[in-house]
Amino acid sequence: MDLSITVNGMKFPNPFVLGSGPPGTNARVLAKSFEAGWGGAVAKTVSLESAKVVNVVPRYGKLRSRRTGEVIGFENIELISDRPIDVWLEEFRQVKKEFPNHILIASIMEEYEKSRWQELTRMVQDTGVDGFELNFSCPHGMTERKMGSEMGEHPDLTEEVTSWVTEVATIPVWAKMTPNITNIREPAQAAVSGGAVGISAINTILSVIGVDLDTLRPMPTVEGHCVPGGYSAQAVRPIALRMVSQLALGLPDGISISGIGGIENSHDALEFMLLGASTVQICTGVMLQGVKMIDELIAGVEKFMVDKGFDSVEEVVGKSLPYFSTHMDLVQKMKTAKRSKAGEASRDNEWAQKDITEKTAELTSN
Ligand SMILES: Cc1cc2nc3c(=O)[nH]c(=O)nc-3n(C[C@H](O)[C@H](O)[C@H](O)COP(=O)(O)O)c2cc1C
């Protein structure tokens, strides 16, 4: 079955893309994932001076289900790539040469200086990568150099820096959003005004994964101390879905969306596509399950398309968006359906008449 989709002129063999992070951290892992069947990859974010990037250990933390131990949430305080740009340029060339039909997107980040952003854009573009993703969204560490979400939290900076890149870029430019803002449409619209043709959403959500009750130290603990980090994995999915839907409903036509956040299988990927994402990116899911998770992603989406009678991935994109409405309209629709009594029967004074857990279950949809 053909799962290909063309987005901003880039033909993805399928909509499954490695999200920027450990799964795309060097040519070897990128090659492995393309061999396994991934349609595209956003490589780990690169900058001009890797010597300034120094990571700490440990840098990950997990939130587990109390009952089963399954990983629900994942926090990281990892920085962008600590590998020299010259090595990266060589590897971008090598991967593109070896896999001309897979889409390779370079994620770039720099300090607030036009010449630095434009120099990085030019040198990376010369390697033959298919597109750029501008990292305006890493919420920790890089922010101390006024990079990442320090830019993405300010729409004026987002627009200005995007325009520096699009001034010299000859390939499509996506901008990756931070969720640590009030209204996702503002920075996204700013990036579009700066010339971005795609929006990637979301990066990680600022978080503290826990506190060790023996040592009283917040985690992940490095030499007894800690900084808040970025939250990912399945716990963030509902927030990411909401933001993707707001983008899909609010951005001008022709602006693509790459959906990211807590995708672990084909079901999750389809949710993002139905809410307007034409590609989906996965980072933590790959870290926890390995690149072979692509087999289930492909099989699951194929089965869904056959079952529901979709002929192309493009037809799936945004299919659930018309079902968003307003609260007032939902009340009106219940009235029309002669179900307004359902609302009457569950007014707030009913809560004392039954056990609170029973009442909660009665009002829950799934
Ligand atoms: C360990 C780790 C490192 C990451 N590094 C980057 C990075 O270098 N650049 C970037 O844009 N996003 C980075 N991210 C964010 C992911 O690409 C993604 O936006 C986020 O984790 C949510 O998706 P997920 O739940 O599939 O991981 C990183 C995430 C993790 C967990």
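## Nonpolar cores

In this predicted model, the largest nonpolar core comprises 88 residues, and V124 and I199 are those with the most contacts inside it. Beyond residues up to four places away in sequence, V124 touches I85, L89, F92, A106, I108, V129 and F132.

In soluble globular proteins, nonpolar side chains tend to be buried together.

## The barrel

Eight strands form a closed barrel with parallel pairing, in the order β3-β4-β7-β8-β9-β10-β15-β16. On average, neighbouring strands of this sheet are turned by 25 degrees against each other, direction ignored.

One of the pairings is that of β10 (residues 198–201) with β15 (residues 256–260); the two strands run parallel and are joined by four bridges. Within this pairing, G198 stands opposite S256 in β15.

S33 is located in helix α1. Because its relative accessibility is 0%, S33 counts as buried, the cut-off for that class being under 20% relative accessible area. Apart from neighbours within four places in sequence, S33 is in contact with L18, W38 and V291.

Methods: Residues numbered from 1 in each chain as written. Predicted model: local features only at pLDDT ≥ 70, side-chain atom pairs only at ≥ 80, totals over all residues. Heavy atoms only, no water. Pairing = 2+ DSSP bridges. Axes fitted to C-alpha atoms, helices over the stretch in contact; angles between N-to-C directions. Core = buried A, V, L, I, M, F, W, Y, C linked by side-chain atoms within 4.5 Å. Buried < 20%, exposed > 50% of the residue type's maximum accessible area, 1.4 Å probe, protein only. Contact = heavy atoms within 4.5 Å.
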